[in-house]
Amino acid sequence: MGKLLAVTIIVIAILSAIPVVMHTWEAPADVSTHGPMIDSQMWDTMIEAGVSFLAAQILLAIFIWQFSKPRPGGKLKTFPGGAKGLVLAAIVLVGVEVLALGAFGAKAWATVYFTPPAPDALPVQVQAGQFAFYFRYPGADGKFGPIHPELINEANQNLFGLDPEHDVESRDDIVTAEMVIPVNKEIHLLMHAKDVSHSFYVPALRIHQDFVPGLDLSVHFTATKIGKYEIACSQLCGLGHYNMRAFLEVMSPKDYDDWIKKQAAEQ
Amino acid sequence: MHETSVAPAVRHGPPTTFLRKHVFSTDHKVIGIQYYHLAFVAVVMGMVLSWLMRIHLGWTNAAIPGLQTLSPNGAPAGVMTPELYLQLMTMHATIMVFFVLTTAPFAAFGNYFLPIQTGAEDMPFPHFNMMSFWVTLTAFCVLITAFFVSDGPPLAGWTSYAPLSAIGKAAGPGQGAGQVIWATALGIFCIGQLLGSLNFISTVLDMRCKGMTLNRLPYTAWAWFITSCMGLTAFAVLMPATILLILDHVAGTSFFVPSGLVLNDQLVPHSGGSTLLWQHLFWFFGHPEVYIAIVPGLGIVSHVLVTNMRRPMLSTKAILYSMWALAFLSYMVYGHHMFVSGMNPFSSLAFSFPTLMITIPSTIVVLIWIGSLYGAKLRINSASLFALGFISMFVSGGVSGFFLAQPSIDIMLHATYFVVGHFHMVMGVAAMFGIFSGTYFWFPKMYGRMMNETLGRIHFWLTFVGTYCIFMPFHYLGWAGNVRRYAAFTDDFLKPLIPLHQFVSVAALLTGAVQLIFIYNFINSRLRGAPAPANPWEGTSLEWIMPSPPPWNNFGGKDPVVYHDADQYGVRTASGADYIMQNSPEMPLATADGD
């Protein structure tokens, strides 16, 4: 019975590792400038976690195989080096391993969160509400008009609560249901929630940030490949959470200019 | 001549009526069994809810027979609506975390065995102890009433993030009365756990019998003591948080709701609250709660293993200090649940490093277990199989923590199935394996009858393989960006993952069905199992010196005297036994080790 358990543990460990090694299920390919650092950090961690996982499971299996045999009258043996060696190994090896992961991971985190957006980054505002994202571009004046929550009215299509009659900056603001950005241009995404918490998760962009009601948050990123990508909400926001999504379309600069002009004309 | 007992220390008389004996009992053993039975009912409910969820996730448009009858609005024509899915998910998690994973390994086993293992006749405050169970049962009943209010249970998940949980019924079905019921139930639950934790701590500090120094306490007693220290501080934070949440609903306060929110084109009449305040309060409780669920498991596994390895652990202190380190660090790491929640990004790093450091005590415990297996005379039985399975699961669930401890990687994995796989393996399945191991190990003592060993082994094998089939794929799903808490998968990048979800659903249904073997074995053994001897596993701790089941006053009105720690295995004795019980004055002739 002990041998069967040992074999089962090893078979499970190997079967568990195969889809990872074979890249059977993977995140959408990265299309951001900061994504390679995150991907590299993930795979470095996968190697360290994978080695720890396999080593622990195999060692466990070997000892179960070896020492579950009935040995009447047999002598007990003590692990070479005793507890001190194992505790030392855990503190030194695992300690160094996790500190290294933490240090390199901090660098990847810093590239996303500790650097300010470039001064010429394109500002785009995103508002999350049950169960849709809406986007706003500042228009020709480069300024967003103020939001008046009391004026938000989906029935009247005043999605951001704008008051163009009184607010000059609002008059040229462009509101869309799809996010369109130029390729290789840094985007400064200004985020706010209309009602409850939501999240802005674009796996292909390696961007993930919650919307927190009451807080204005921002992230910045640069997309490197033309295409259409999905924006998913990952923070439970109500019954339509599973269906709350939008598309991010990355265009060539010329196509983007054409698109934004067309949107401005339609507002 | 050695003393084997001291003067009687009767603290309360024998129960004289049926009600006093079986219902409103102050006997810690009866209370422990009451907690166990509550967890039993709760786990069956939680599992059935998970079946319904898994059927829906595998085959979203499938009609589930009978579901329309149970929830006419939530399942028209038997097809589950997205809101019902979220409501079942919220109730599944709440029931499992609070009424199974906290109740069974801590409150149930702890109540039954902590006083016995410390050599006490009962806990110091038996009436508070009785109250703690009845308060917990009340909390459970209150929670279940959420199924019967008009909008049903809340759908905000067991974390119930504000403002979704604080705004009221405008936020969605179940967010009015259902959410208030949820918060009320948890607030009541906290009272029960605080009373229980106080009793546990006092028992260990004040009620130990003669000779039972702290160093001689078995692993389980230490684990329950550490858990109760966590419980005292963690539930003391959750309780006010739930009160504030209720006030936001019923008293017009705005603790968790900021100004300027708009729902259905109407301004929400709140201002001045903080969304993140709820998250900080919840996770300050929530992360220690993970360890409240798992530390008793570490104790049970150590206790079961040392008995079945027939040798002492390589280092008792390493395990105990590691459990303390886990408990201490659990308060310093809670922010890793909030890496992308809008905290200052420097805070994320401050929470990341202690989270990574928590790997060290976890690794020490695992290595001491594995190192102790080396050269042991391991006995394979249902209890030890589940203990060994616990180690495998604890490792598998633990290594995914390497990823989630790093904010940069959390950008990809936050709120995905990777997280669901991680906590289900380490907190759900591993903790359940601890509960199963404890059940097979202590059932003879608790009920006076042996469980069927063959059925126990079949239960282990099918559960071990089945749970891996369910929860390992969760990691692959998360790796591919599969967001959690989705009632269906409509995004293009998620559609290719649906076959994997179907595989998981089949595995979950089959593994769930396997639990019927356990339920049958439990009930049948309770009624018809072979009579259990006092010490069926040749253990050393004090629960094995008394008859099975023990009398109402544990040690027959006499306090035992202890001469050894509980690790006296692999020794040579005059009688030929390879162990010495804690209350035996016999000294080992020589250790078999290197003899």
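This section describes the interface, helix packing, sheet and backbone features of a predicted model.

The interface between the two chains comes first. In chain A, 102 residues are in contact with 103 residues of chain B. About 8,900 Å² is buried between chain A and chain B. Carbon and sulfur atoms account for 73% of that area. Leu76(A), Trp109(A) and Tyr242(A) together supply 10% of the area that chain A buries against chain B.

Within chain A, helix H1 (residues 2-21) packs against helix H2 (residues 35-67), and the two axes come within 8 Å. They cross at roughly 165°. Angles over 145 degrees count as roughly antiparallel. H1(A) and H2(A) are therefore roughly antiparallel to each other. The crossing of H1(A) and H2(A) is left-handed. From H1(A), the contact draws on Gly2(A), Lys3(A), Leu5(A), Ala6(A), Val7(A), Ile9(A), Ile10(A), Ala13(A), Ser16(A) and Val20(A). H2(A) contributes Trp43(A), Met46(A), Phe53(A), Leu54(A), Gln57(A), Ile58(A), Leu60(A), Ala61(A), Ile64(A) and Trp65(A). By class, the contact of H1(A) with H2(A) has 16 nonpolar, three polar and one charged residues.

Chain A also holds an open sheet of five strands, in the order S3-S2-S1-S5-S8. Pairing in this sheet is mixed. Strand S3 (174-176) and strand S8 (217-222) of chain A stand at the edges. Each has a single partner strand, so one side of each is left without a neighbour in the sheet. On average, neighbouring strands of the sheet are turned by 25° against each other, direction ignored. Strand S1 (residues 122-129) and strand S5 (residues 186-193) of chain A pair in the parallel sense, over seven bridges. Val126(A) stands opposite Met191(A) in S5(A). Helix H4 (residues 253-266) of chain A packs on the sheet. H4(A) touches S1, strand S2 (132-137) and S3 of chain A. The direction of H4(A) makes about 100° with that of S3(A).

In chain B, helix H8 (residues 275-309) and helix H12 (residues 382-404) pack at an angle of about 130°. Their axes are 9 Å apart. H8(B) and H12(B) are therefore oblique to each other. H8(B) and H12(B) form a left-handed crossing. On the H8(B) side, the contact is made by Ile294(B), Gly297(B), Leu298(B), Val301(B), Val304(B), Leu305(B) and Asn308(B). On the H12(B) side, the residues are Ala383(B), Ser384(B), Ala387(B), Leu388(B), Phe390(B), Ile391(B) and Phe394(B). The contact of H8(B) with H12(B) has eleven nonpolar, three polar and no charged residues.

Several backbone features lie in loops of chain B. A cis peptide bond joins Ala162(B) and Pro163(B), with omega of about 5°. Pro163(B) is found in the loop between helix H5 (126-145) and helix H6 (177-206) of chain B. Ser160(B) is also in the loop between H5 and H6 of chain B. Ser160(B) is not a glycine, yet its phi is positive, at about 40°. Another cis peptide bond joins Ser548(B) and Pro549(B), with omega of about -10°. Pro549(B) lies in the loop between helix H16 (498-528) and strand S4 (558-560) of chain B.

Technical notes:
Residues numbered from 1 in each chain as written. Chains lettered and ligands numbered in written order. Predicted model: local features only at pLDDT ≥ 70, side-chain atom pairs only at ≥ 80, totals over all residues. Heavy atoms only, no water. Axes fitted to C-alpha atoms, helices over the stretch in contact; angles between N-to-C directions. Helix = DSSP H or I, 4+ residues; strand = E, 2+ residues; numbered from the N terminus. Parallel < 35°, antiparallel > 145°, perpendicular 65-115°, else oblique. Left-handed = near helix turned anticlockwise from the far one by under 90°. Contact = heavy atoms within 4.5 Å. Nonpolar A, V, L, I, M, F, W, Y, C, P; charged D, E, K, R; others polar. Pairing = 2+ DSSP bridges. Buried area = accessible area lost by both parts, 1.4 Å probe.
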